[in-house]
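Please keep the sequence and the coordinates at hand while reading.

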Amino acid sequence: MKVKVLAIVMLVVGILITGCGGTNTSNPTPTPTATVEYIQEPPQDVTWINPGKVQVENFYAGATAEYTITVHNGNDYSAKFIIKYRIPDHVGEGYSFPSDDVSNWITISGNDVNFNAYETKDILVSITMPEDATAPGKKWEFWISVIDDSQGGSIRTEQCVRWLITME
Amino acid sequence: MKKLITSMVVSLSLIAGILGPVGIASALTSQNVTVTGTPSYVAITNTPSTWTINGLNASSPSYGYMLVNTTYYSNPLGDTTSPSTTVLAGECNFTVTNASSSVPLDLTVNFGNFSGSADAMNNSDSGSATATEFGASSYCTDMAYPTGIKTAKVTGSDAMKTNWTTASLKWGLIIETRTDAWTTGDAQTATVTLTATAH
């Protein structure tokens with residue numbers, strides 16, 4: 001009798017656990033998925049960049065991360081754009097400024113890029129942290145600056161992509 | 001007894017089936033560098049693109065000339081007229097337009113050193129003038145003046161406006177010229193950069 005009761009209890013426990021974990025077993029290995037949002041591009045006659053932020057997670061010495069940013073020339077004429085790494089003016093809460101040697105870790109597929117009128121180009125940005133390098137912090141930030149060099153006058157605009165790095 | 005053993009095997013198998021994959025997933029994700037860029041557009045325009053110091057209001061003293069040890073504002077109401085304690089749109093000469101950016105923006109103003117003259121002024125980066133350096137600041141509509149203004153450095157200025165989502169924003173500049181006289185009368189120019197980043 002005791003054996004039967006014990007067996008029934010064990011079965012009930014097993015069924016309960018299975019029921020609770022039903023969602024997990026249908027998708028046992030969580031897979032990171034990118035969020036895709038279909039948002040409207042700004043007007044053709046406006047210079048823009050995309051995205052505003054690039055987030056790199058689990059980065060470590062010896063690793064490489066890359067992302068293609070998009071730059072659009074909003075002028076109705078050809079223009080040279082300056083696309084370069086730069087130290088942020090300010091960083092997000094909890095993030096550190098980059099150390100001096102970070103500039104040597106960044107590669108941009110074209111720093112001085114000539115755009116035709118209303119042309120949009122993809123620019124590959126990659127960061128490779130040397131194996132013997134020290135990270136500026138657990139979380140740190142740098143910017144990729146995009147400036148339309150054809151701007152006249154003494155007041156010019158700049159748009160930057162924020163790169164937010166979190167170390168492993 | 002046989003039933004007991006069968007039940008235990010079934011239960012343990014079910015538990016293992018649940019816990020096993022979770023453990024594997026944790027091990028895998030800790031090894032991978034992930035890079036994520038959610039589509040988001042940053043797009044601004046600004047007008048006008050020039051500022052002639054002491055050249056906005058013809059009734060200003062010494063209109064068209066920059067004097068030493070003087071504070072100038074990009075205020076259409078008067079080049080030496082400070083903004084109100086809560087800055088009004090009419091006291092700002094520049095308009096930055098949010099050209100359909102899809103995310104809230106932060107706006108930062110940096111003010112470079114002057115060039116074109118043997119005694120061109122450098123930025124003190126403190127907001128205040130010295131004997132040979134100028135001080136600069138930025139302000140915008142609805143900002144508390146003077147407590148809210150932001151020092152405009154050569155680089156590394158604090159954001160003038162954060163989490164900006166409106167269609168446009170009026171903003172302005174302040175410059176305190178050097179306190180010692182210039183040795184030349186040559187014109188000098190500097191570049192101001194208005195930077196937009198995703199908030």
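Is N54(B) buried or exposed, and how many other C-beta atoms lie within 10 Å? N54(B) is buried, because 21 other C-beta atoms lie within 10 Å; a residue is called buried if 20 or more other C-beta atoms lie within 10 Å of its own, exposed if 12 or fewer, and partly exposed in between, with C-beta atoms placed from the backbone.

This is a predicted model, in which local features need pLDDT of at least 70 and side-chain atom pairs count only at pLDDT 80 or more, whereas totals for chains, interfaces and linings use all residues. Residues are numbered from 1 along each chain as its sequence is written, while chains are lettered from A and ligands numbered from 1 in the order in which they are written.

**The two chains**

Chain A has 2 helices and 9 strands, and from the N terminus its elements follow the order α-α-β-β-β-β-β-β-β-β-β. Chain B has 1 helix and 11 strands, arranged along the sequence as α-β-β-β-β-β-β-β-β-β-β-β. Helices (H or I, at least four residues) and strands (E, at least two) are DSSP runs, numbered from the N terminus. Of the 168 residues of chain A, 28% count as buried; of the 199 residues of chain B, 38% do. Two residues are in contact if their C-beta atoms, placed from the backbone, lie within 7 Å. Among contacts in chain A between residues at least 6 apart in sequence, 73% join residues at least 24 apart, and in chain B residues 24 or more positions apart account for 69% of the contacts with a separation of 6 or more.

**The core**

The largest nonpolar core has 69 residues, and those with the most contacts inside it are I144(A), V161(A), W163(A), V42(B), C140(B) and W171(B). Its largest share, 6 residues, comes from strand β8 (residues 139-148) of chain A. A nonpolar core is here a set of buried Ala, Val, Leu, Ile, Met, Phe, Trp, Tyr and Cys residues joined through C-beta atoms within 7 Å. In soluble globular proteins, nonpolar side chains tend to be buried together. Leaving aside neighbours within four places in sequence, C140(B) is in contact with V87(B), C92(B), M160(B), K161(B), L169(B), K170(B) and W171(B).

**Strand β7 of chain B**

C140(B) belongs to the side of β7(B) that also carries F134(B), A136(B) and S138(B), while E133(B), G135(B), S137(B) and Y139(B) lie on the other, and the residues of both sides are all buried. In a regular strand the side chains alternate between the two faces of the sheet. Because 8 of the 8 residues of strand β7 (residues 133-140) of chain B are buried, the strand is largely enclosed by the rest of the structure.

| Partner of β7(B) | Sense | Bridges |
|---|---|---|
| β6(B), residues 122-123 | parallel | 2 bridges |
| β10(B), residues 168-176 | antiparallel | 6 bridges |
| β8(B), residues 150-151 | antiparallel | 2 bridges |

Within these pairings, N123(B) stands opposite F134(B) in β7(B), whereas S138(B) stands opposite L173(B) in β10(B) and also opposite K150(B) in β8(B).

**Backbone features in the loops**

Most residues other than glycine have a negative phi, and most peptide bonds are trans. N54(B), in the loop between β2 (44-47) and β3 (71-73) of chain B, has a positive phi of about 60° although it is not a glycine. D142(B), in the loop between β7 and β8 of chain B, likewise is not a glycine and has a positive phi of about 75°; D142(B) is partly exposed, with 13 other C-beta atoms within 10 Å. The loop between β7 and β8 of chain B also holds P146(B), which a cis peptide bond with omega of about 5° joins to Y145(B). In chain A, a cis peptide bond with omega of about 0° joins N50(A) and P51(A), and P51(A) is found in the loop between β1 (48-50) and β2 (53-59).

**A contact over sequence distance**

P104(B) lies in the loop between β4 (94-98) and β5 (105-111) of chain B and is partly exposed, with 15 other C-beta atoms within 10 Å. Not counting residues up to four places away in sequence, P104(B) touches N163(B), W164(B), T165(B) and H199(B). P104(B) and H199(B) are 95 residues apart in sequence, and their C-alpha atoms are 5.5 Å apart in space.

How values were computed
Pairing = 2+ DSSP bridges.
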